[in-house]
Amino acid sequence: MAFGQRLRARLRFTLAGLPAYFYINENTFLIILAVIIGVLGGLGNYAFRQTIEFVHWGLFEQSERLLDISLHEWSHRRLAVMIFPALGGLLMIPLWLWFGQDLKGGFAGFLQRVNLGGAKLRLRPIFTRGFAAALTIGSGGSAGQEGPIAMIGGAIGSQFGQAFKMSGDRLKVLVACGAAAGVAATFNAPIAGVFFAQEIVLLASFELASFTSIVIASGMATVVSRALLGNISELFAPQYVVQSFWEFGLYVLLGLLIGVFAAGFTDIHFRIKDRIAAIPIHPLLKPAAGGLVVGLIGVAFPQVFGNGYEFVETVLLGGGDGQPLTWYLLAALILAKAVATSITLGSGMPGGLFAPNLFIGAVSGGTFGHLAVKLFPTAGITPGAYALVGMGAFLAAATHAPMTAIFLLFEITDSYEVIIPIMLTCVIGTTTARHFKKGSLETFELTRAGIDLEAGKERNIMKSIKVGEVMVRDVEAIPENMTLGQFAQFIERTRHTNFPLVNGQGELTGIISVQDFMGVVFEHDLMDLVVVKELATTKVITAHADEDLDQAMRKIGYRNIEQLPVVDRMTHTRLLGIISRRDMVSAYNRVLMSRTLEDQ
């Protein structure tokens, strides 16, 4: 064991010295790594997709053949399909037993580690979480593959950065390169991969050096994907054609509805996850139980199984393969897919939300298009066009990433005419969704926990510490009727400069500082006549013990004061303690040091 550790340490030391040995500057070296990460990201995407297909063939297709089941025709034998996702959940038990730590967190945890945890990702989850996600999707669980493949690509990038001992900012760039590579290879859409990395992984932070590396990694992954799979996307969409300019009014309305649906999906998703978490059964049994419920939904609506791309293509084409599309079928699938996805992921089966967003958006837009045809039968409206635009708009609204959605649709349709409708619906949908939900579908869980990725590491550390944990409880408070003479004798014996005033009931009535007193210190005639309350500030800014340090620091900064009295929330006057700027900075430094040591 000791030999293996020494060997790895020696290898890391050697790799870290390679750029200096070959006289390569940092930006050039980042580009070289981006090429390698892009190639490996493309290969990882191919391996992941092949694993999904193999699992689907082994669990789903072979079972369909043995049981003589057709998902396109109704018969009593179709009831057996409910066992397929449940079987995937059962196969997940050994993975949770042996590699449970690798399967926790999901994409939200990935974003937290990238933006707040130094972007140090481990190697093993590339295989363990990747296989678990393939098992989920291949067995019929309602989930997508883009989140897991982005995490796989990101972990590849992180491993290279750690091997060459790169800084945290550069590690983030390499993780973004890997994530961009995975998404670009999946959809054969290099530009969408770039914006996925910029908008979602890096939270829209832009640097020319990072942008260049991400573009190169995304392009290389697309080249590898095309070499292995041909010039095709995981999702085929027909070319978009504008029928009439007055339809843009309908697209505005569609954007508003999509924004409301996206906020509703976020609400439904986390309500179901919370309910599943509260069910009093062993956590290892929840994936199988969740799979069984998803299977029951799939008996009535088999379209919800897996990533659903085959049915999405049917919706975009306006029908086909013997599947008549009606507005009420598509409307029912909005809810069915949302519930099935929430149960799948909430029960502990790993997967992504990217594909479900596209599915729900497509059927939402398709429903809108079919209803528009009924209202305007002579207008030449094609429901598939609204399904296409709705697909991109829902993705934008749910993830708060409009540029990713705009360029994804542009690349998979290869149609310039789609730009204006998708820009309208994406921006309106995203704005509407943000109005109802501050956090995106991927970050809402972190927002609930008080973690704001856009705030940065420093503010999140401050948000994680409560005032009650830091405040000084033994307060040097003084009676409000103390004379100035008594106060002068009091401050000779203390090292503090600010003092809360309390009345006979121990209630806060003001605060006085030594500087307030300095103005009358030489007025000897007033020393025994004036009480400290007459010089004190009676409109006191206070804090509560359950507030975080970020809130407290904002209050201090607003008035440029050094201390805040801490009062109880019931009366707002009973003094509990006092907290100073120095106390807050010391607490921040302790937590920062602790987390830094944990990341080593």
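**Reading the surface and the sheet**

Modeller: Helix α2 (residues 26–67) gives the most to the nonpolar patch, with six residues. Helices (H or I, at least four residues) and strands (E, at least two) are DSSP runs, numbered from the N terminus. This is a predicted model, in which local features need pLDDT of at least 70 and side-chain atom pairs count only at pLDDT 80 or more, while totals for chains, interfaces and linings use all residues. Residues are numbered from 1 along each chain as its sequence is written, and side-chain values use heavy atoms, with hydrogens and water left out.

Biologist: Which residues form the nonpolar patch on the surface?

Modeller: The patch is formed by I31, I32, V35, I36, L40, L43 and L228, which together have about 480 Å² of accessible area.

Biologist: Is I32 buried, partly exposed or exposed?

Modeller: Buried means under 20% relative accessible area, exposed over 50%, and partly exposed in between (1.4 Å probe, protein chains only). I32, found in helix α2, is partly exposed because its relative accessible area is 38%. H370, in helix α14 (residues 354–375), is buried, with a value of 17%.

Biologist: In what order do the strands of the open sheet lie?

Modeller: Two strands pair if DSSP finds at least two bridges between them. Here three strands form an open sheet in the order β1-β2-β3, with mixed pairing. Its edge strands, β1 (478–479) and β3 (508–513), each pair on one side only. Strand β2 (residues 498–502) runs antiparallel to β3 and is joined to β3 by five bridges; N498 has S513 in β3 as its bridge partner.

Note on methods. Patches are made of residues with over 30% relative accessible area and no salt bridge: like charges are joined within 9 Å, nonpolar side chains (Val, Leu, Ile, Met, Phe, Trp, Tyr) within 5 Å. Accessible areas come from the Shrake-Rupley method with a 1.4 Å probe; for residues, only the protein chains shown count as cover. A salt bridge is a side-chain nitrogen of Lys or Arg within 4 Å of a carboxyl oxygen of Asp or Glu.
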